[in-house]
Amino acid sequence: GKTPGIRTASATIGGKTTIGDGTWRVGVKNGMVAPGNYQTAGGLGCYWERDQNFTGTESAILASDDLSGPGVLTISPTDAGFKTENCGTWSPLNATGPQSTSFGDGAYAVGITIAAGTYTTTGGSHCYWEQDQDYTGDKSSIISNRNTSGPVTLSIPASTKEFKTQGCGTWH
């Protein structure tokens, strides 16, 4: 027979891998958000944050971002929570995919959703771009970034994991 109070792995393993609006616990139990790499088609007013606890204080936020457009993100096993608003559905990031060579506002997985290469855009008066070494959203992940106005030509090497752009127009 079964020992009372002990659950089998199949009863406790299997955190959610599709995530909608809300504040979620991170873990591998049913109803929790499983750690991993995620993507969303995003949308206007998309906000997400990774939290180290549920105090609701600013110091509890490990990383956060406001996006317009698609997004990518790593939820770490050490995160306590994940909050998302107006981002649509987050689902597991594919290991491979069609690599676009033309894209607008958003955060992209280099080598998965966009191809590495040299890109040009006409820019805008409030253009921001950022290259990151991972998908965590941590400030320490930033390889390079700039606020610019006007045209931009930029090389995105294969070693860059994530490329973020806002207000720059379409990159080709």
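Author: Strand β4 (residues 61-67) gives the most to the lining of the largest pocket, with five residues. Strands here are DSSP runs of E, at least two residues, numbered from the N terminus. A word on the basis: this is a predicted model, in which local features need pLDDT of at least 70, side-chain atom pairs count only at pLDDT 80 or more, and totals for chains, interfaces and linings use all residues. Residues are numbered from 1 along each chain as its sequence is written, and side-chain values use heavy atoms, with hydrogens and water left out.

Now the pocket itself. A pocket is an open set of points on a 1 Å grid over the protein atoms alone, where a 1.4 Å probe fits, with protein on both sides within 12 Å along at least five of seven lines; lining residues have an atom within 4 Å of a point. The largest pocket holds about 190 Å³ of space. That volume is the space filled by probe spheres set on the points, which are joined across faces, edges and corners.

The lining includes Ile61, Leu62, Ala63, Ser64 and Asp65. Glu130, Gly137, Asp138, Lys139, Ile142 and Lys164 also line the pocket. By class, the lining has four nonpolar, two polar and five charged residues. Ala, Val, Leu, Ile, Met, Phe, Trp, Tyr, Cys and Pro count as nonpolar; Asp, Glu, Lys and Arg count as charged; the others, Gly among them, count as polar.

Next, the charged contacts. Lys164 forms a salt bridge with Asp65 (a side-chain nitrogen of Lys or Arg within 4 Å of a carboxyl oxygen of Asp or Glu). Their closest N and O atoms are 3.1 Å apart. Lys164 sits in strand β13 and Asp65 in strand β4, so the pair links parts of the chain 99 residues apart. Both Lys164 and Asp65 are buried. Buried means under 20% relative accessible area, exposed over 50%, and partly exposed in between (1.4 Å probe, protein chains only).

Arg50 lies in strand β3 and Asp138 in the loop between β10 and β11 (142-148), so the bridge ties together parts 88 residues apart in sequence. Arg50 is buried, at 5% relative accessible area. Asp138 is partly exposed, at 24%. A network of salt bridges links Arg50, Asp79 and Asp138.

Key:
Helix = DSSP H or I, 4+ residues; strand = E, 2+ residues; numbered from the N terminus.
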